[in-house]
Amino acid sequence: MNEARLARGIVVAHGTMAEGLIDAVRRIAGGVADALVPVSNEGHSPQELRAILEQLAGDGPVIVFADLLSGSCGMAAMVSCKDSGGRAVLCGVNLPILLDFVFHRDLPLDELVPRLEGKGREGIRRLPEAS
Amino acid sequence: MPIVLFRVDERLVHGQVVLAWGNQLRPDRYVVVDDDLAVSDWEQELYRLGAEPAEVIFTTVEEARAHLDEWREEAARSIVLTRDVGAMRRLAGGGRLRGEKVNLGGQHHGPERDEVLSYLHLTAADREALRALGEDEGVEVSARDLPDAHKVPLKSLLGS
């Protein structure tokens, strides 16, 4: 598989959340976590955050995973992906999403993004199941 | 009373405002006073996504000045946001915010900005605008990023 065709992931979140999520992916899945880059919004203006995401996204397929839709991270992600067909945003990132991502980076974004959205939702379960 | 908060925050509608302040103040509407955003439909849509179910409206400073009394009298609870101190100063001009309180939230570091608090960095022009807000326009200005954080009065911010 041509590495350049594999999707890369940027996780942008408040505080140390992005770093923590990627650390968890690495502990569970190993080196495939290298496909993810953490970005914290700490200390960055909205313009700086957008510039960081722009620079990291570069060319090629990229998914920007943001923690909150209603936040500076989500806003920066959406703005940085606005005019690019090779970039997508998923807000409300969780561990199931990232774990599935690192093993399915070969899928085209139009298949991968809805798949990950589903994995994220499926990962939220009430136990025991409501009767 | 229906304008429940005036806030200066370069991130405008974002997590701290919607979640922390929003849960405490229960706004029905966010009024974003920003000359650039007032004419940018696509950016407005992004901000609206993050504020649901509250309404978000976008106005220029001049339009906002004309509507302040209307928002004050309505039953709907509004949070009024500007991106920077200069816009809040223009909004307040001529005593339009006399007796009101203005909250300073996030102003991050940047060219010619000095750190005053970890979340508040001001230029010389910002300082002058803040002084004018307090002394000329009769506005009570303080900094507080979150509702449960320590409130820092203008005098302390300006070091006088």
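Modeller: Chain A holds five helices and four strands. This is a predicted model, so every value here is computed from predicted coordinates. Along the sequence, the elements of chain A follow the pattern β-α-β-α-β-α-β-α-α. The radius of gyration of chain A is 14 Å, close to the 14 Å that the globule rule gives for 131 residues, so chain A is as compact as a globular protein of that length. The C-alpha trace of chain A spans about 45 × 35 × 25 Å along its principal axes.

Now the interior. Of the 131 residues in chain A, 42% count as buried. "Buried" here requires 20 or more other C-beta atoms within 10 Å of the residue's own. Contacts in chain A also reach along the sequence. Take the contacts between residues at least 6 apart: 65% of them join residues at least 24 apart.

Next, the contact with chain B. Here 14 residues of chain A are in contact with 12 residues of chain B. On chain B, helices α1 (15-25) and α2 (41-49) each supply at least two residues of the side that touches chain A. Helix α1(B) gives the most to that side, with three residues. By type, the residues on this side of chain B divide into five nonpolar, five polar and two charged.

Behind that side, look at the strands of chain B. Seven of them form an open sheet with mixed pairing. The order is β3-β2-β4-β1-β5-β8-β9 in chain B. Its edge strands are β3 (55-59) and β9 (152-153) of chain B, and each pairs on one side only. Strands of a sheet pair through backbone hydrogen bonds, either parallel or antiparallel.

Both directions can be seen in chain B. Strand β1 (residues 3-8) of chain B runs parallel to strand β4 (residues 78-82) of chain B, and five bridges join them. At one place along this pairing, B:R7 stands opposite B:L81 in β4(B).

For the antiparallel case, turn to strands β6 (residues 114-117) and β7 (residues 120-122) of chain B, which are joined by three bridges. There B:D114 has B:L122 in β7(B) as its bridge partner. A hairpin of two residues leads from β6(B) to β7(B).

Methods. Residues numbered from 1 in each chain as written. Chains lettered and ligands numbered in written order. Predicted model: local features only at pLDDT ≥ 70, side-chain atom pairs only at ≥ 80, totals over all residues. Pairing = 2+ DSSP bridges. Contact = placed C-beta atoms within 7 Å. Nonpolar A, V, L, I, M, F, W, Y, C, P; charged D, E, K, R; others polar. Rg over C-alpha atoms; globule rule 2.2 N^0.38 Å. Buried ≥ 20, exposed ≤ 12 C-beta atoms within 10 Å, placed from the backbone.
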